[in-house]
Amino acid sequence: MKTTLSIIKADIGSIGGHIKPGYKLLESIREFISKKKQKLFDDFYVSHTGDDIAILFSHQKGTGSSDIHKLAWDAFMAGTAVAKKQGLYGAGQDLLKDAFSGNIKGMGPAVAEMEIEERPSEPFLCFAADKTDPGAYNLPLYLTFTDPMFNPGLMLSPACSEGFKFNIMDVANTEGDRMIELLAPENLYDIAALLRDNERFVIESIYSRSSGEIAAVVSTTRLHNIAGKYTGKDDPVCLVRVQGNFPATGEVLSPYSIGHYVAGFMRGSHIGPLMPVKINSPISYFDGPPVVTCHALCVHERKFTESADVFDHPFWDYIRTKVSRKAVEIREQGFFGAAMLPYSELEYGGIVEKMEKLDKLFKIRK
Ligand code: F6R
Ligand code: MG
Ligand code: MG
C-alpha cells in the first residue's frame, strides 16, 4: 500500500504585519483537522514559517486528492475566520478563490506532494520558506543532486552515482504546466542554463535514476499568475527523501550554508540572502530576511515520528551571522540595481502607473 505525503501551506493572517501567525490561529487549524479525521488521512502535522502555516498530511489517497485538498482548504477557511476575528493582518490573503473547486493547486495555497512506497525506514525532510518564491530551492537542489562538492554521495554511493532526473517547469506559462525533463549528469549545462533564472524556471520534482523513485518535490505556484497581479510572495514548500538511494540528510542541508540571494525581501520586491532558521522563528529585519525552516522526520506505516529541527544547531548560528552580514551588505545599496527585483517581479501595481505617467513626460531632444 502506497503512502502519500502532502504539504499544503498558506498565509491566512499574521500578527504585527507579515511576521507570524498567532498561537490561536495555529491551534484553530490543528483543532479543525483533528475533529474532521473521518479516515481521510493517517497523520498530520501543523507548523509555521514566518507568516505561513504549513499542514503536512500522510494518507493513502494519492497526489491531487480532492478530499485532502478540500480538508486543507476548509481548515484554512476556518483559520481565516479566526484571523479575521482577531484582526490579524492579511487575514485569508492566500485564499484567492471563493469556493473550493476540486484541487487546491491554482487557488492560492502552495502544494507539494509525493506518492511513495515506504522503505522500512523512510526519513525525509520538509522545507518551508517565507519571503521568497519557488525558485529559491533551485540552487540548493541543483547542488545536492548534481555536485559532489556539496554531495559526496554522488561519488560514494552507487545509487546516487547513477544520477537524477530533473522535471523543470516554466512557471511563466499560465495556460498549463509547461515542463521539461533533463538528466543529471549528462544534461548538466542545460539544467544550469534554465535554473539560473529562478523566477521563470523552477524545479518541480527530482527522481532517482537508479530506482526510478521520486526524491524531491517543490510547490511551483506563482500567485501572481493565478490572481493576474501580485498578491504576495509564494513562500514555497519542498519535500526531500534522504538516505539509501537518496542523498544523506547533511548532503541536502549543505548548500543552505551559502545563504544564497533570493527574491522576496521587503514588500516582496527586493533581493535578500536565504537564512536557515529554527522552527517557529518569526520575521524581522526589513520584513525578512527571507527564511527557510526544515523539519526532519520519518514516516512509518503512514505515521510520523516527532520532528527534528535541523537548523537548530550551533553550526547554523555561525551561518546565520554570515547571512545577516550578507543581508546588511545588499541593503547598503537600497533600491539600486541588483538590490531590487526587476520591474516584472515587483509586488506592487502602483509603480506601473508611476512609470506610465513618467513615460509621457519623456521627450526626444531635437
Ligand atoms: C510574504 C510577504 C510579503 C508581502 C508584501 C506585501 O510572506 O509577507 O511578500 O506580501 O510585503 O505586503 P502588503 O500587502 O502588506 O503591502
Ligand atoms: Mg505574507
Ligand atoms: Mg509568507
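Along the chain, the donors of the magnesium ion (ligand 3) follow the spacing D-D-x77-D-x104-D. The model is predicted. The fold described here includes an open sheet of four strands.

**The magnesium ion (ligand 3)**

- Asp 51, Asp 52, Asp 130 and Asp 235 coordinate this ion through their OD atoms, at 2.0 to 2.8 Å.
- The site has six donor atoms. Angles among them run from 49 to 173°, and the site is irregular.
- For six octahedral donors, the ideal angles are 90 or 180 degrees.
- Are Asp 51 and Asp 52 buried or exposed? Asp 51 is buried, with a relative accessible area of 2%. Asp 52 is buried too, also at 2%. Both count as buried because their values fall under 20%.

**The magnesium ion (ligand 2)**

- Its protein donors are Asp 11 (OD) and Asp 51 (OD), which lie 2.1 to 2.4 Å from the ion.
- This pair links distant parts of the chain, 40 residues apart. Asp 11 sits in the loop between β1 and α1. Asp 51 sits in the loop between β2 and β3.
- Both Asp 11 and Asp 51 are buried.

**The sheet**

- In what order do the four strands stand? The order is β2-β3-β1-β4, and the pairing is antiparallel.
- β2 (43-49) and β4 (110-116) stand at the edges. Each has a single partner strand, so one side of each is left without a neighbour in the sheet.
- Neighbouring strands are turned by 15° against each other on average, direction ignored.
- Strands of a sheet pair through backbone hydrogen bonds.
- β2 pairs with β3 (residues 52-59) in the antiparallel sense, over seven bridges. Within this part of the sheet, Asp 43 stands opposite Ser 58 in β3.

**Helices against the sheet**

- Helix α1 (residues 23-35) lies across β2 and β3. Its direction is at about 165° to β2.
- Helix α2 (residues 66-86) packs on the sheet. The strands it touches are β1 (3-10), β3 and β4. The direction of α2 makes about 150° with that of β3.

Notes:
Residues are numbered from 1 along each chain as its sequence is written. Chains are lettered from A and ligands numbered from 1 in the order in which they are written. This is a predicted model: local features need pLDDT of at least 70, side-chain atom pairs count only at pLDDT 80 or more; totals for chains, interfaces and linings use all residues. Side-chain values use heavy atoms; hydrogens and water are left out. Donors are N, O and S atoms within 2.8 Å of the metal (3.2 Å for Na, K and Ca); water is not among the atoms, so sites may look incomplete. Four donors count as tetrahedral if all angles lie between 85 and 135 degrees; four count as square planar and six as octahedral if opposite donors are over 155 degrees apart and all others between 65 and 115; anything else is irregular. Buried means under 20% relative accessible area, exposed over 50%, partly exposed in between (1.4 Å probe, protein chains only). Two strands pair if DSSP finds at least two bridges between them. Helices (H or I, at least four residues) and strands (E, at least two) are DSSP runs, numbered from the N terminus. Axes are lines fitted to C-alpha atoms, for helices over the stretch in contact, and angles run from 0 to 180 degrees between N-to-C directions. Contact means heavy atoms within 4.5 Å.
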